[in-house]
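Please read the account below with the sequence and the model open side by side.

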Protein chains: 2
Amino acid sequence: MEMDERKATILQAIIRNYLETGEPVGSRTISKYTDLNLSSATIRNEMADLEEMGYILQPHTSAGRIPSDKGYRFYVDTMMEAKDREISEMKKVLMERQDKLEDMLKGVVKLLAKDTQYASLITAPSANRNKLKFIQLSRIDDEHLLTVVVKEGNVIKNKVVDVTEPINEETLLKLNLMLNTQLSGMTMDEISLSMITGLKAQAGSHSGVISEVIDAVAEAISAEEDLKVYTSGANNILKYPELSDNSEKAGHLINTFEEREGLEELIIGGEDGDEAIKVYIGSENKVSGMEDCSVVTATYELEGGMKGTIGIVGPKRMDYDKVVGTLKSLRSGLDDLYKKDN
Amino acid sequence: MEMDERKATILQAIIRNYLETGEPVGSRTISKYTDLNLSSATIRNEMADLEEMGYILQPHTSAGRIPSDKGYRFYVDTMMEAKDREISEMKKVLMERQDKLEDMLKGVVKLLAKDTQYASLITAPSANRNKLKFIQLSRIDDEHLLTVVVKEGNVIKNKVVDVTEPINEETLLKLNLMLNTQLSGMTMDEISLSMITGLKAQAGSHSGVISEVIDAVAEAISAEEDLKVYTSGANNILKYPELSDNSEKAGHLINTFEEREGLEELIIGGEDGDEAIKVYIGSENKVSGMEDCSVVTATYELEGGMKGTIGIVGPKRMDYDKVVGTLKSLRSGLDDLYKKDN
DNA sequence: TGTTAGCACTCGTTTTAAAAGAGTGCTAAC
DNA sequence: GTTAGCACTCTTTTAAAACGAGTGCTAACA
């Protein structure tokens with residue numbers, strides 16, 4: 001048995017209808033819905049075929065059909081008609097140009113959740129190339145030293161280092177000079193153990209401080225840490241019975257969003273293909289507890305190679321066309337904006 | 001009519017029972033529950049009195065009674081028997097002494113939610129006295145200057161300042177010296193407009209930079225901003241029908257926890273009385289959407305006068321004894337720990 | 001050979017009625 | 001002041017019936 005055009009039309013009609021209503025759809029409905037002019041009996045035959053082929057399922061004997069994961073996949077891959085959507089409200093948020101990136105991201109994710117009615121997340125853009133721009137040691141008081149690490153892209157990290165004996169201003173100047181001469185422009189990988197040993201030797205009695213400073217640098221430079229995630233609309237999960245009926249699972253999902261733990265899984269690992277927008281249906285995504293969800297992700301890029309990800313999590317019957325369209329628009333919106341005025 | 005001892009005993013029994021079961025409690029139950037040796041009929045009379053006095057309510061004619069807000073309040077104020085609870089698991093988290101305060105707080109709030117089965121929040125400790133310790137300007141590149149502001153308690157803030165024309169190292173040194181001489185040790189209030197004007201004058205052609213730096217200082221020093229809130233267990237709300245039945249309201253609550261907005265309301269404004277642990281029942285707390293909840297808050301203090309708040313949000317029939325006991329223990333746990341080894 | 005009308009059958013959902021049960025308030029007696 | 005008893009109220013539970021959406025199959029049709 002193979003998928004011919006008529007079967008595809010019927011499958012599409014079934015999915016469209018199910019996305020709208022959330023109810024299993026029967027042959028009679030399709031018979032009227034499509035302009036194929038076929039009787040419900042004929043549709044029934046075709047539906048039996050589609051079921052056999054694995055594109056649709058019957059929840060129970062006397063019910064209509066619902067799409068299977070395979071069915072959704074087919075739809076998304078070949079039948080979807082994503083139109084770019086107007087996202088004027090979000091553009092407005094972008095335009096207001098909060099001086100704090102954080103506020104902007106919070107605003108966007110909130111509007112996204114409101115607009116789509118699905119749970120949403122966004123990660124702060126981060127540069128891949130984690131080069132050290134410069135280091136600055138300053139004396140806070142006799143026991144504490146402040147280490148400021150500035151990375152490429154002007155990302156700043158601080159760490160307070162305890163010192164056992166006071167360090168005078170002169171030594172500090174020397175240390176600063178030494179550190180910057182040797183380390184600026186380096187990436188994590190390029191800082192070798194021998195360099196560290198060398199630095200310590202040069203630092204003489206202050207080698208302990210150097211160790212701590214190097215630690216601070218390592219911490220600052222390792223990309224993983226500051227993958228900040230903002231979320232909104234976890235409560236939308238309650239709106240979809242297929243997700244909220246099992247309150248155990250629903251709670252787990254909500255918790256994931258509240259604590260933002262494990263969400264990285266959604267976002268990484270998708271770097272291989274260069275498709276900017278990706279759809280994961282049901283068990284296609286690996287985050288535990290999200291087997292009944294679909295996830296759509298989009299990567300966006302700001303000037304300077306800063307990349308971030310936007311994600312939408314909803315029921316499998318999410319409105320793929322709409323979501324993909326929205327993300328597409330939002331993506332280019334973010335890009336444009338930053339290219340223009342920064 | 002006034003509250004005599006017997007009425008109080010009965011009221012207590014009603015509340016205790018209702019906290020356990022969540023069901024309206026009838027006269028017969030109380031007759032057996034207490035050791036007053038009274039028949040259900042007598043209890044009924046007393047209950048009628050208690051209802052008239054406003055301590056209990058009848059959801060409908062043929063149902064038992066449930067406590068009113070006034071009833072809960074009476075219970076909490078005069079009848080509660082909070083015992084300090086063993087919070088060994090949390091102590092363990094504290095002991096492990098995450099080098100990051102953030103991780104520690106996340107751990108604590110998570111365990112707290114798990115232990116109590118209510119939604120929980122904790123704010124990062126912050127010093128009240130927002131004195132400036134020192135300022136450091138550094139050159140990032142020709143267009144950017146880094147401002148590092150260190151506050152009392154070694155809290156650090158950064159800001160990148162755009163400059164129109166390059167500033168050389170020498171000028172930078174001068175500016176640094178100038179700023180620190182004049183500003184360190186100051187609080188927000190003490191930095192007057194005349195001082196700022198003076199600084200600008202001294203800075204000559206770089207007065208623009210000074211303005212920006214002052215802005216950074218103002219931003220860093222204003223206490224309000226970095227009231228970081230960590231939450232956990234919002235999903236516990238789903239466990240209590242009285243909160244989750246109205247999924248509109250439940251969603252709103254969950255959203256509040258997810259986005260951590262408006263939670264400050266719970267926490268501030270309670271500074272007046274010096275009771276460390278406070279209980280807000282139902283409409284006693286002002287956060288919108290929490291009329292059906294009770295909130296228990298505790299303030300904790302770390303060395304150096306750093307203060308933070310812990311909060312528990314649950315249904316009005318929350319187990320006050322347990323929650324207050326837990327918070328009491330946790331509070332002293334946090335205190336002890338930091339006093340000991342920092 | 002593909003399409004369709006017709007019909008028996010399945011199975012979840014809704015409706016309806018009845019019964020059960022929990023609890024009260026009141027009265028009258030102890 | 002306390003309590004047994006009883007009628008009454010309202011919700012919850014249970015059971016049964018009716019409904020209805022939808023299917024699969026057969027047989028007839030073009």
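Which residues of β3(A) point one way and which the other way, and are they buried or exposed? A:A119, A:L121 and A:T123 point one way, A:S120 and A:I122 point the other way, and all are buried. Buried here stands for under 20% relative accessible area, exposed for over 50%, and partly exposed for what lies in between (1.4 Å probe, protein chains only). The strand runs over residues 119-123 of chain A, and five of its five residues are buried. Strands and helices are DSSP runs numbered from the N terminus, with at least two residues (E) for a strand and at least four (H or I) for a helix.

The model is predicted: local features need pLDDT of at least 70 and side-chain atom pairs pLDDT 80 or more, while totals for chains, interfaces and linings use all residues. Residues are numbered from 1 along each chain as its sequence is written, chains are lettered from A and ligands numbered from 1 in the order in which they are written, and side-chain values use heavy atoms, with hydrogens and water left out.

Strand β3(A) has pairing partners, where pairing requires that DSSP finds at least two bridges between two strands. With β10 (residues 306-315) of chain A, β3(A) pairs in the antiparallel sense over four bridges, and A:L121 stands opposite A:G311 in β10(A). With β7(A), β3(A) also runs antiparallel, joined by four bridges; there A:T123 has A:V229 as its bridge partner. In chain B, strand β3 (residues 119-123) pairs with β8(B) in the antiparallel sense over four bridges, and B:T123 has B:V229 as its bridge partner. From β8 (residues 229-232) of chain B, B:V229 and B:T231 point one way and B:Y230 and B:S232 the other way, and all are buried.

A:T297 is placed in strand β9 (residues 293-302) of chain A. A:T297 counts as buried because its relative accessibility is 7%. Beyond its neighbours within four places in sequence, A:T297 has contacts that include A:L266, A:Y280, A:G311 and A:L327, contact being heavy atoms within 4.5 Å.

The interface comes next. How many residues of chain A are in contact with chain B? There are 37 in chain A, in contact with 38 residues of chain B. The two chains bury about 2,800 Å² between them, 52% of it on carbon and sulfur atoms; buried area is the accessible area (1.4 Å probe) that two parts lose on being put together, summed over both. In chain A, A:I140, A:L238 and A:E258 lose the most area to chain B, together 19% of what that side buries.

Across this interface, 23 residue pairs are in polar contact, both residues at pLDDT 80 or more. A polar contact is a pair of N or O atoms within 3.5 Å; within protein, one must be able to donate a hydrogen and the other to accept it, and residues adjacent in sequence count only if both atoms are side-chain atoms. Elements giving two or more residues to the chain A side include β4 (132-141), β5 (144-151) and α11 (247-259). The largest share, nine residues, comes from α11(A). By class, that side has 12 nonpolar, 13 polar and 12 charged residues. Ala, Val, Leu, Ile, Met, Phe, Trp, Tyr, Cys and Pro count as nonpolar, Asp, Glu, Lys and Arg as charged, and the others, Gly among them, as polar.

Six salt bridges are counted between chain A and chain B, each a side-chain nitrogen of Lys or Arg within 4 Å of a carboxyl oxygen of Asp or Glu. One of them links A:K133 to B:D141, with the closest N and O atoms 3.2 Å apart. This pair crosses from strand β4 of chain A to strand β5 (residues 132-141) of chain B. Another joins A:E259 to B:K110, at 3.5 Å between the closest N and O atoms. Here the crossing is from helix α11 of chain A to helix α6 (residues 101-116) of chain B. A:E259 counts as buried at 12% relative accessibility, whereas B:K110 is partly exposed, with a relative accessible area of 38%.Over all chains the count is 33 salt bridges. Within chain A, A:R65 bridges to A:E51, the closest N and O atoms being 2.8 Å apart. A:R65 lies in the loop between β1 (56-57) and β2 (66-67) and A:E51 in helix α3 (residues 40-53), so the pair ties together parts 14 residues apart in sequence.

Lastly, B:N37 has a positive phi, near 55 degrees, and is exposed at 71% relative accessibility.
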